[in-house]
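Welcome! Please keep the model open while you read.

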Amino acid sequence: MALYLQERTFDQAIALLEDLLRGDPKNVEARLLKGRIYAEMGKPQEAIGELEQVIAERPTDAAALYFLGRLYDEQKQPDQAIVQFEKIVSLDVDILEAYLQLGLLYAREKRFDAALTVLEKAKSKSPGKPIVFLIKRGEATHFVAVDTE
């Protein structure tokens with residue numbers, strides 16, 4: 001499998017995963033990988049379908065929630081993306097990128113208080129590293145720095 005992914009022969013990797021899933025349809029790791037490969041292939045709807053199946057089987061799978069949130073964001077579905085990232089934040093896992101993505105989505109939706117709240121939570125996920133955001137409000141541009149020390 002790793003060789004197919006390194007050589008970017010995604011169709012062959014998908015075929016292997018489909019064979020595996022025929023024998024074990026609830027194999028969430030295989031389904032998660034299949035979703036990620038579909039995303040790399042530029043097939044977001046197929047990727048979303050696979051990731052949603054992973055979450056149906058394992059609702060607290062932070063990796064699946066994260067990748068699904070990213071896909072929804074790329075597909076211009078911010079409400080769906082926010083739901084996925086909010087689930088990750090509620091799990092209190094150490095996926096800093098999920099906190100940052102949620103903060104950015106909130107800011108894009110002009111939910112600035114919510115953005116600042118989630119960025120404050122991000123501080124504990126990145127001790128010692130500064131987090132800086134650029135937020136536009138109308139014509140004004142604001143830099144938001146979250147000191148993680």
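Is R58 buried, partly exposed or exposed? At 33% relative accessibility, R58 counts as partly exposed, where buried means under 20% relative accessible area, exposed over 50%, and partly exposed in between (1.4 Å probe, protein chains only). This is a predicted model, in which local features need pLDDT of at least 70 and side-chain atom pairs count only at pLDDT 80 or more, while totals for chains, interfaces and linings use all residues. Residues are numbered from 1 along each chain as its sequence is written, and side-chain values use heavy atoms, leaving out hydrogens and water.

**Salt bridges**

- With a salt bridge taken as a side-chain nitrogen of Lys or Arg within 4 Å of a carboxyl oxygen of Asp or Glu, the count comes to 8.
- R58 has D61 as a salt-bridge partner, with their closest N and O atoms 2.6 Å apart; D61 is buried, at a relative accessible area of 9%.
- Another salt bridge joins K34 to E18, where the closest N and O atoms are 3.6 Å apart. This pair links distant parts of the chain, as K34 sits in helix α3 and E18 in helix α2, 16 residues apart. (Helices are DSSP runs of H or I with at least four residues, strands are runs of E with at least two, and both are numbered from the N terminus.)
- K34 is buried because its relative accessible area is 7%, whereas E18 counts as partly exposed at 28%.
- E50 and R31 also meet through their side chains in a salt bridge of 2.7 Å, N to O. Here too distant parts of the chain are linked: E50 lies in helix α4 and R31 in helix α3, 19 residues apart.
- Both partners are buried, E50 at 8% relative accessibility and R31 at 10%.
- Put together, E18, R31, K34 and E50 belong to a network of salt bridges.

**The nonpolar core**

- A nonpolar core is a set of buried Ala, Val, Leu, Ile, Met, Phe, Trp, Tyr and Cys residues joined through side-chain atoms within 4.5 Å. The largest one has 38 residues, and F85, L102 and V118 touch the most other members.
- Elements giving two or more residues to this core are α2 (10-23), α3 (28-40), α4 (44-57), α5 (62-74), α6 (78-91), α7 (96-108) and α8 (112-122). The largest share, 7 residues, comes from α7.
- Neighbours within four places in sequence aside, V118 is in contact (heavy atoms within 4.5 Å) with V89, Y99, L102, G103 and Y106.

**The largest pocket**

- About 250 Å³ of space lies in the largest pocket.
- Of the 11 residues lining this pocket, R36, I37, A39, E40 and F67 are the closest to its centre.
- Two or more lining residues come from each of α3 and α5, and α3 gives the most, with 5 residues.
- The lining is made up of 7 nonpolar, no polar and 4 charged residues.
- On a 1 Å grid over the protein atoms alone, a pocket is an open set of points where a 1.4 Å probe fits, with protein on both sides within 12 Å along at least five of seven lines, and lining residues have an atom within 4 Å of a point.

- D73 is in helix α5 and counts as buried because its relative accessibility is 14%. Leaving out residues up to four places away in sequence, D73 touches A81, Q101, L105 and R108.
- I95 is in the loop between α6 and α7. Not counting residues up to four places away in sequence, I95 touches A62, Y66 and I88.

Methods. Grid points are joined across faces, edges and corners, and a volume is the space filled by probe spheres set on the points. Ala, Val, Leu, Ile, Met, Phe, Trp, Tyr, Cys and Pro count as nonpolar, Asp, Glu, Lys and Arg as charged, and the others, Gly among them, as polar.
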